[in-house]
Amino acid sequence: MPNRAPDPLLLFRAGDHRLALPARDVREVLPLLPIARPPTLPRPLAGFVDVRGETLPVLAPALLFDGGIALGTLDLFSHLIRPHGPAATMPCLLVDRVEDMVTPDADAIRPVEAEASHNGAILAEVTLPDGPAHLLSLARLLSEAERERLAALAAQAEARAADWAIG
């Protein structure tokens, strides 16, 4: 039986990292929207955005993987990647740039050891003609405790937004 072709991947840059997500995990790619950042948020949580009346948390993978760096200058090329799933536990990703959608050859994907990245979030290295990318697992990006904290912060942000709603 022939090998199944890999799924399409969404390529993007976050800080010094070139990352990829399975396209099936992505609900939508949004332009950079105004991000509200209440005080005392954990460093990798960039803040919250309003998308069609829904308050969504925004995680900065560059800060998650490179805790010592500062969030860079955001520009017109910056995007928000909104994954499928509940907003309170599947935050949007703030990325420097969404690059492309590709379908790599099956032999271009090499698994990496779970211990080789934060929470085992990097599943594989993908070799592409213009350079490698790391395949990211959204399910492993945050620990269970971090997801619980994110859900609590998202509920607080939703309540703040409701306080300011007109009508």
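Glu28 is buried, with a relative accessible area of 17%. Why does Glu28 count as buried? Because its 17% falls under the 20% cut-off. Keep in mind that this is a predicted model.

Where is Glu28 found? In strand 3, which covers residues 26-31. What does its side chain meet? It makes a polar contact with the side chain of Arg52, at 2.6 Å. Leaving out residues up to four places away in sequence, Glu28 touches Val51, Arg52, Leu80, Ile81 and Arg82. So Arg52 turns up in the polar contact and in the list of touching residues, and Glu28 itself is buried.

Is Arg18 buried or exposed? Buried, because its relative accessibility is 7%, and the cut-off is 20%.

Look at the polar partners of Arg18. Its side chain makes a polar contact with the side chain of Glu99, at 2.8 Å. A polar atom of the Arg18 side chain also lies 2.8 Å from the backbone oxygen of Gly131. Beyond its neighbours within four places in sequence, Arg18 is in contact with residues including Leu11, Phe12, Arg13, Leu128, Asp130 and His134.

Next, the strands. Six bridges join strand 1 to strand 2, and the two run antiparallel. In general, strands of a sheet pair through backbone hydrogen bonds, either parallel or antiparallel.

Which order do the strands take in the open sheet of six? The order is 8-1-2-11-10-9, with mixed pairing. The edges are strand 8 (97-102) and strand 9 (109-111), and each pairs on one side only. From one strand to the next, the twist averages 30°.

Now the nonpolar side. How many residues are in the largest nonpolar core? It has 27. Phe12, Leu21, Ile81, Leu93, Leu136 and Leu141 have the most contacts inside it. Several elements supply at least two residues each, among them strand 1, strand 2, strand 4 and helix 1. Helix 3 gives the largest share, four residues.

Notes: Residues are numbered from 1 along each chain as its sequence is written. This is a predicted model: local features need pLDDT of at least 70, side-chain atom pairs count only at pLDDT 80 or more; totals for chains, interfaces and linings use all residues. Side-chain values use heavy atoms; hydrogens and water are left out. Buried means under 20% relative accessible area, exposed over 50%, partly exposed in between (1.4 Å probe, protein chains only). A polar contact is a pair of N or O atoms within 3.5 Å; within protein, one must be able to donate a hydrogen and the other to accept it, and residues adjacent in sequence count only if both atoms are side-chain atoms. Contact means heavy atoms within 4.5 Å. A nonpolar core is a set of buried Ala, Val, Leu, Ile, Met, Phe, Trp, Tyr and Cys residues joined through side-chain atoms within 4.5 Å. Two strands pair if DSSP finds at least two bridges between them. Axes are lines fitted to C-alpha atoms, for helices over the stretch in contact, and angles run from 0 to 180 degrees between N-to-C directions.
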